[in-house]
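This report accompanies the sequence and the model shown below. Please keep both in view while reading the sections that follow.

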Amino acid sequence: MKTETIAIHAGNHVDEATRAVIQPIIMSTTFERGEDGGFPAGYIYSRSSNPNRHALEHVLAKLEGGVEAASFSSGNAAGMSVFQSLEPGTHIIAPDDMYHGLRNQLKTLFAGILTFDFIDVNDTGVLQQHIKPETGLIWIETPSNPLLKITDIKKVVAIAKAKGIKVLCDNTFATPMCQRPLELGADMVMHSATKYFGGHSDLMGGVLITTEKNDWWTKIRQVQEMGGAIPSPMDCYYLVRSIKTL
Ligand SMILES: Cc1ncc(COP(=O)(O)O)c(C=O)c1O
């Protein structure tokens, strides 16, 4: 299916009760139990799952060609959930011009928990020199903000895969309309949905999309659910709407 078609249709959900073609904004924080004590629609409590968030995550997973997406209240919250999901002592290699908010997060909040090097990730020699036994993640951002530096995703993935290291690509500036890092071998994609997905400078959001539902992804889902740094149903509704015009 064409990316444009996915953008328009994959976030659609026809409401069964009213047959409304546009999904209503579901503000309820709790959902009614069925007679058997279960939750017939699969929704229990809005911090864990919500129909509007589900629709948003569905369209984003499809757009990036991933198996699942997890959405957050901002790009920085998405990034933080990745850092929180890593084992203490994990070494991260990140670009020397990594988005400053995420770079500051690592330096101020994760110093002493994780270790990191900010380097020119596109320089093969420099990248290889910085890989350590405890390196668990190579973070790339291409094009980068603000210098618009380009990283060769396939080249970084080849080096990382040979050492069993995960690669995450911040795809905020390219959007899946221009670049699909999972198809180039990355393990995870991150976005600030505040930028092109929102498109009108009136909402904040972040997202992670994975190629695989593995232990790392389970941890990220736990951080999302237990931390609750999630977009409001209204923000999810507007993001789904604005993604249609990507
Ligand atoms: C490339 C990139 N990544 C991450 C972020 C952080 O996103 P947010 O501002 O939604 O927290 C931004 C924000 O400008 C960005 O440009």
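## A polar contact of Glu68

The side chains of Glu68 and Lys213 form a polar contact, with a distance of 3.0 Å. This distance, like every other value in the report, comes from a predicted model.

Glu68 is located in strand β1, which covers residues 68-72. The relative accessibility of Glu68 is 19%. Because buried means under 20% relative accessible area, Glu68 counts as buried.

## The ligand and its surroundings

Which residues are the closest to the ligand? The ligand is surrounded by 16 residues, and the closest are Asn145, Asp170, Ser192, Thr194 and Lys195.

Several pairs of atoms can be described in detail. Asp170 places a polar side-chain atom 2.7 Å from a nitrogen atom of the ligand. The backbone takes part as well: a backbone N or O atom of Gly75 is 2.9 Å from an oxygen atom of the ligand, and a polar backbone atom of Asn76 lies 2.8 Å from an oxygen atom of the ligand. Taken alone, the ligand exposes 390 Å², of which the protein buries 93%. Two or more residues of the shell around the ligand are given by each of the elements α3 (75-85) and β6 (188-192).

## A nonpolar surface patch

Four residues, Ile25, Met27, Met234 and Tyr238, make up a nonpolar patch on the surface. Together they have about 370 Å² of accessible area.

Where is Ile25 placed? Ile25 belongs to the loop between α1 (3-9) and α2 (51-64). Its relative accessibility is 31%.

## Cysteines and disulfides

A disulfide is a covalent bond between the sulfur atoms of two cysteines. How many disulfides does the structure hold? The number is 0. Cys178, for example, is in no disulfide, and the nearest cysteine sulfur, which belongs to Cys169, is 13 Å away.

Is Cys178 buried or exposed? With a relative accessible area of 66%, Cys178 is exposed, because exposed means over 50%. Cys236, by contrast, has a relative accessibility of 0% and counts as buried.

Terms used:
Residues are numbered from 1 along each chain as its sequence is written. This is a predicted model: local features need pLDDT of at least 70, side-chain atom pairs count only at pLDDT 80 or more; totals for chains, interfaces and linings use all residues. Side-chain values use heavy atoms; hydrogens and water are left out. A disulfide is a pair of cysteine sulfur atoms within 2.5 Å. Buried means under 20% relative accessible area, exposed over 50%, partly exposed in between (1.4 Å probe, protein chains only). Patches are made of residues with over 30% relative accessible area and no salt bridge: like charges are joined within 9 Å, nonpolar side chains (Val, Leu, Ile, Met, Phe, Trp, Tyr) within 5 Å. Accessible areas come from the Shrake-Rupley method with a 1.4 Å probe; for residues, only the protein chains shown count as cover. A salt bridge is a side-chain nitrogen of Lys or Arg within 4 Å of a carboxyl oxygen of Asp or Glu. Helices (H or I, at least four residues) and strands (E, at least two) are DSSP runs, numbered from the N terminus. A residue is near a molecule or strand if one of its heavy atoms lies within 4 Å of it. A polar contact is a pair of N or O atoms within 3.5 Å; within protein, one must be able to donate a hydrogen and the other to accept it, and residues adjacent in sequence count only if both atoms are side-chain atoms.
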